[in-house]
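Thanks, everyone. Let me put the structure up, and then I'll walk you through a helix, a strand and a pocket.

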Amino acid sequence: MSPAEVLIIAEGATEREVGKVLCQKGVLHNGLTSRLPSGIRPREGYDAVVDILTRANPLLALQGTGGNVLFMLDQEDSPSPLDRKDQFLRDLQQRDTNDFWQNISFSQHANTNNIFEYQANNLHLVLHISDAIVPGISRRDFDGYILNILQNSNINQQVVSRIVAEGQSCQQLLHKAEIEFTNLMVSNGYSWTHAKSWLYAYITAFQYRRSHVWFARDVVTYTPDDELRQVFASLIAAWNRF
């Protein structure tokens, strides 16, 4: 593994595709390039990540040579990023078949509470816990960062104008996704519990014809870089640890 590379291990395709755009736009930079583990088919979800890292662990090959690895996980319903980190490490150690994780411990970054780090023998591991805050939703995850962009009235119409069909009212479509669909849910006794569910309200209102992964990618593609640096400030800080 090249010293200028960062191995990316993420829970889902949204993180991977958005990460690619952030690298392409230079928001994630500092001279490093990202790559996915070779020989492993991308899989979805937390359990899949733990399974990969305890069975066909791609980090075993780095024990002698060293390397940079960025993990991207969601906080989900954990009380804090620290609790999520502790659960992640416990799961890795309990299911470890190669004794790789038994001596690994992550230290919390001094200035950012959702970044954790391990460094020894030229192996540098950085764990980023996505903890985006979305009003009304207690669960915190990466999809929340996309909602943060869509619900920023300073730039959301500019972004949406690049995604929806020409001639449509971006203001009206945003209102439907953020307010009208939410009120409909509430009037039927329900509220948003996951950021991804609310994202699909936007996808429906915009009549976007691809999945939430490509929707998130397009939102980030058309978002001004200054806004991306604010929304993804902790991810940038994690990247800059290398």
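Start with helix α2. Its buried residues are Tyr46, Ala48, Val49, Val50, Asp51, Ile52, Leu53 and Thr54. One caution before I go on: this is a predicted model. Back to α2, residues 46-54. Eight of its nine residues are buried, so the rest of the structure largely encloses this helix. What do the buried residues of α2 pack against? Three elements: β1 (5-10), β3 (67-74) and α3 (81-95).

Now take β3. This strand is mostly covered, with eight of its eight residues buried. Look at the two sides. Gly67, Val69, Phe71 and Leu73 point one way. Asn68, Leu70, Met72 and Asp74 point the other way. Both sets are buried.

Next, the neighbours of β3 in the sheet. β1 runs parallel to β3, and five bridges join them. Leu7, for example, has Val69 as its bridge partner in β3. β6, residues 123-130, also runs parallel to β3, joined by eight bridges. There, Asn68 has His124 as its bridge partner in β6.

Last stop, the largest pocket. The space in it is about 240 Å³. It is lined by 17 residues, and the closest to its centre are Gly12, Glu15, Asp74, Asp143 and Lys196. Which elements give two or more residues to the lining? They are α1 (13-24) and α8 (212-221). The largest share, three residues, comes from α1. By class, the lining has nine charged, five polar and three nonpolar residues.

That's my tour. Questions, please.

Conventions: Residues are numbered from 1 along each chain as its sequence is written. This is a predicted model: local features need pLDDT of at least 70, side-chain atom pairs count only at pLDDT 80 or more; totals for chains, interfaces and linings use all residues. Side-chain values use heavy atoms; hydrogens and water are left out. On a 1 Å grid over the protein atoms alone, a cavity is a set of points where a 1.4 Å probe fits but cannot get out, and a pocket is an open set with protein on both sides within 12 Å along at least five of seven lines; lining residues have an atom within 4 Å of a point. Grid points are joined across faces, edges and corners, and a volume is the space filled by probe spheres set on the points. Helices (H or I, at least four residues) and strands (E, at least two) are DSSP runs, numbered from the N terminus. Ala, Val, Leu, Ile, Met, Phe, Trp, Tyr, Cys and Pro count as nonpolar, Asp, Glu, Lys and Arg as charged, and the others, Gly among them, as polar. Buried means under 20% relative accessible area, exposed over 50%, partly exposed in between (1.4 Å probe, protein chains only). Contact means heavy atoms within 4.5 Å. Two strands pair if DSSP finds at least two bridges between them.
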